[in-house]
Amino acid sequence: MKEQIDQIRTEAAGFDITSADKLEQYRLRFLSKKGLVSELFEAFRSVSGEEKKLYGKELNFLKQEVEGRWQAQKEALESTAVTENSGIDLSRPPQPRELGSRHPLSLVRQEIIRFFEGLGFNISEGHEIVDDWHNFGALNFDNDHPARDMQDTFFVQTHPDILLRTHTSTVQVKEMQLGNLPIRTISPGRVYRNETVSARSHMQFHQVEGLYIDENVSFADLKQTLYLFATEFFGRDLKVRFRASYFPFTEPSAEMDVSCFICNQEGCSVCKHTGWVEILGCGMVDPNVLENCGIDSKKYTGYAFGMGIERMTMLKYQMRDIRLFYENDLRFLKQFKSEI
Ligand code: DAH
């Protein structure tokens with residue numbers, strides 16, 4: 001018995017099973033009903049009790065070994081067959097996946113927010129659909145004041161009192177009404193104006209509004225904060241100037257220019273040969289506005305500022321056409337990779 005077991009073991013181990021045909025021959029020779037292993041089991045039934053004790057275990061081992069080899073090779077052959085037949089090489093390393101990139105407006109919005117968060121401003125967002133009072137009235141735009149024409153407005157047809165906000169200054173009103181003083185908040189958001197779409201203007205764009213209200217807030221605070229912001233944002237030693245201007249909700253009002261970083265004030269088309277680029281509007285919150293929103297203008301003062309995110313982005317990346325932001329052309333969008 002022992003000899004037979006060893007013989008079969010040696011033969012099975014040396015049997016060539018490298019193809020499906022040969023594997024089948026192996027099965028027939030050793031594992032089928034009339035195969036060598038089965039025959040040995042048959043013979044085992046008639047050996048003496050002594051021999052049964054001696055070789056029973058070994059015979060079982062033999063069967064397991066021979067079957068195990070068959071099973072493993074069967075699986076191996078099947079998996080190569082799948083690969084070969086489908087034409088897919090499962091062992092090939094994967095193509096690296098291309099990551100998406102953030103929209104340039106998101107990047108710049110985030111950058112502005114981060115700067116002001118660093119100074120202790122929180123973020124507030126209002127609604128895009130507001131009433132006339134929140135967009136204009138509370139901000140000191142008289143009913144027949146020509147300043148309303150500065151911003152062409154989309155009204156809701158059925159409710160002429162309701163409109164798409166024309167600026168994020170409307171968020172100031174909400175924040176002041178909440179009355180958690182002092183207020184130091186920054187409000188990014190989308191705004192709408194009834195303007196013809198062109199390279200320079202769009203009927204929807206984004207602004208960031210800033211508002212700081214406390215006791216003894218001065219114009220000097222405003223200037224220093226915005227100066228820091230501009231040099232940080234454009235990343236160089238810029239000159240800054242404040243030009244007197246007019247907004248109904250601030251008094252005094254100013255516009256802030258930075259020295260043209262494209263031509264170093266030599267004169268170029270971006271600065272229209274003036275050497276200066278306007279980046280935002282600002283001023284001290286008009287006492288009327290404070291009172292309209294329930295804040296004691298004798299005790300509190302504050303500053304506000306507002307800037308266009310598209311404009312800041314176009315200046316930063318030297319873009320000439322605002323429409324690029326909304327066309328979703330991948331050749332454009334892919335140029336803005338970031339680590340954020
Ligand atoms: N809301 C103004 C606009 O849309 C921008 C602005 C100017 C905001 C002066 C302010 C400010 O907060 O103080 O043109």
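The bond from Leu181 to Pro182 is cis, with omega near -5°. This is a predicted model, where local features need pLDDT of at least 70, side-chain atom pairs count only at pLDDT 80 or more, and totals for chains, interfaces and linings use all residues. I number residues from 1 along each chain as its sequence is written, and side-chain values use heavy atoms, with hydrogens and water left out. Helices (H or I, at least four residues) and strands (E, at least two) are DSSP runs, numbered from the N terminus.

I found a cis peptide bond from Glu251 to Pro252 too, with omega near -5°. Pro252 sits in strand β8. I then checked Gln265, which has a positive phi of about 65° although it is not a glycine. Gln265 belongs to the loop between β8 and β9. Most residues other than glycine have a negative phi, and most peptide bonds are trans.

**Sheets**

I traced an open sheet of seven strands in the order β1-β5-β6-β10-β9-β8-β7, with mixed pairing. Two strands pair if DSSP finds at least two bridges between them. The edge strands are β1 (122-123) and β7, each pairing on one side only. β7 and β8 run antiparallel and are joined by seven bridges. I noted Ala254 in β8 as the bridge partner of Ala244.

I also found an open sheet of three strands, ordered β2-β4-β3, with antiparallel pairing. Its edge strands are β2 (129-131) and β3 (155-156). Two bridges join β3 to β4 (residues 159-164). His159 of β4 is the bridge partner of Val156.

**Helix packing**

I looked at α7 (residues 169-178), which lies across β5 (183-192), β6 and β10 and runs at about 35° to β6. Axes are lines fitted to C-alpha atoms, for helices over the stretch in contact, and angles run from 0 to 180 degrees between N-to-C directions. Contact means heavy atoms within 4.5 Å.

How do α5 (residues 104-118) and α10 cross? Their axes come within 9 Å and cross at roughly 100°. That makes α5 roughly perpendicular to α10. Angles under 35 degrees count as roughly parallel, over 145 as roughly antiparallel, 65 to 115 as roughly perpendicular and the rest as oblique. Among the contact residues I listed Leu107 and Val108 of α5, and Met312 and Tyr317 of α10. By class, this contact has seven nonpolar, one polar and four charged residues. Ala, Val, Leu, Ile, Met, Phe, Trp, Tyr, Cys and Pro count as nonpolar, Asp, Glu, Lys and Arg as charged, and the others, Gly among them, as polar.

**Largest pocket**

I read off a volume of about 1,300 Å³ for the largest pocket. A pocket is an open set of points on a 1 Å grid over the protein atoms alone, where a 1.4 Å probe fits, with protein on both sides within 12 Å along at least five of seven lines; lining residues have an atom within 4 Å of a point. Grid points are joined across faces, edges and corners, and the volume is the space filled by probe spheres set on the points.

The lining has 49 residues, with Arg200, Glu278, Ile279, Gly308 and Arg311 nearest the centre. β9 gives the most, seven residues. I sorted the lining into 22 nonpolar, 14 polar and 13 charged residues.
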